[in-house]
Amino acid sequence: MVSKRDLDKKRKRNAIIDAAELLFFTKGYDRSTMDDLAKEAQFSKRTLYVYFNSKEQIYFEIMIRGYRRLIAMLNKGEYPEAQADAKLRQMTRIFYQFSKEFPDYFTAIFSYENGEMDFQNDIPDESRETCYALGEVIFNKLTTLIKEGQETGVFRSELNVVETAIILWSSMIGIFNTSKTKANYIQNYHSVSPDALVSSAFELMIRSIRNNNGGIS
């Protein structure tokens, strides 16, 4: 049975992460300080350091929340009986849905990956490794799909699975960011909606790895 003290510690820890999400998502991670967070969380700065070693550690905890939401969405949207290309199409749609429904988590996760921020110092292995492990869960879903497609003859057998997964992953991030940051320009100058752009990009990516004349040789 969980003790009252442990429940209180968990409550305070979650309250700090909740406050950090609000602060980082509105003010920005780089512009936020531990003093700002103490004020937002209504705890002393000393209390913050009882539960977390650094601002960076708290950022990892926020990414962990985001990864868990995304994994839950991916698990819920799986269709085991579908062909590999249909599964990949569904996965990309879920990624896009996640980016729209939880844009702050999406930005937190992918700005970290693309920003090359150094979170190594003063971060307990548990926070860092949990975050990386969850990222690998998602990446492994993608590589597993590619392998399945190769084994069933849907995807090109000569493709390197890991490299293909990284390219698809990077392409998805790029198209999501473009559809968001350039939405008005693309819509007004080219009469293409962000949703249509993303859908077309998904189809182009899938056709490029299919085992037919639509693939890129």
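Predicted model: local features only at pLDDT ≥ 70, side-chain atom pairs only at ≥ 80, totals over all residues.
Residues are numbered from 1 along each chain as its sequence is written, and side-chain values use heavy atoms, with hydrogens and water left out.

The protein contains 10 helices and zero strands, where helices (H or I, at least four residues) and strands (E, at least two) are DSSP runs numbered from the N terminus. Along its principal axes, the C-alpha trace spans about 65 × 45 × 30 Å. Of the 217 residues, 43% are buried, the term buried denoting under 20% relative accessible area and exposed over 50%, with partly exposed in between (1.4 Å probe, protein chains only). Among contacts (heavy atoms within 4.5 Å) between residues at least 6 apart in sequence, 70% join residues at least 24 apart.

Helix α8 (residues 161-181) comprises 21 residues and reaches 30 Å from its first C-alpha to its last, close to the 30 Å expected at 1.5 Å a residue; the expected span is 1.5 Å times one less than the number of residues. Its buried residues are Val161, Thr164, Ala165, Leu168, Trp169, Met172, Ile173, Ile175, Phe176 and Ser179. These residues lie on the same side of α8 because they cover an arc of only 170° around the axis, the arc being that of the directions from the helix axis to the C-beta atoms. An α-helix has 3.6 residues a turn, so residues three or four places apart point the same way. On the other side of α8, Glu163, Ile167 and Thr181 are exposed. At the start of the helix, a side-chain oxygen of Asn160 reaches to within 3.1 Å of the backbone nitrogen of Val162.

A search of the whole structure finds 14 aromatic pairs, defined by rings of Phe, Tyr and Trp (its six-membered ring) whose centres lie within 6.5 Å, with planes under 30 degrees apart counted as stacked, over 60 as edge-to-face and the rest as tilted. Phe24 and Tyr59 form a tilted pair, at 6.4 Å centre to centre and with 40° between the planes. This pair links distant parts of the chain, since Phe24 belongs to helix α1 (residues 4-27) and Tyr59 to helix α4 (residues 55-76), 35 residues apart. Phe24 counts as buried at 6% relative accessibility, and Tyr59 is likewise buried, with a relative accessible area of 6%. One aromatic cluster is formed by Phe95, Tyr96, Phe106, Phe110, Trp169, Phe176 and Phe202, and two of its members, Trp169 and Phe176, are buried residues of α8.

Gln150 lies in helix α7 (residues 125-151) and counts as buried at 17% relative accessibility. A polar atom of its side chain lies 2.9 Å from the backbone oxygen of Leu159. Not counting residues up to four places away in sequence, Gln150 touches Phe155, Arg156, Ser157, Leu159 and Val161.

Key:
Polar contact = N/O pair within 3.5 Å; in protein donor to acceptor, adjacent residues only side chain to side chain.
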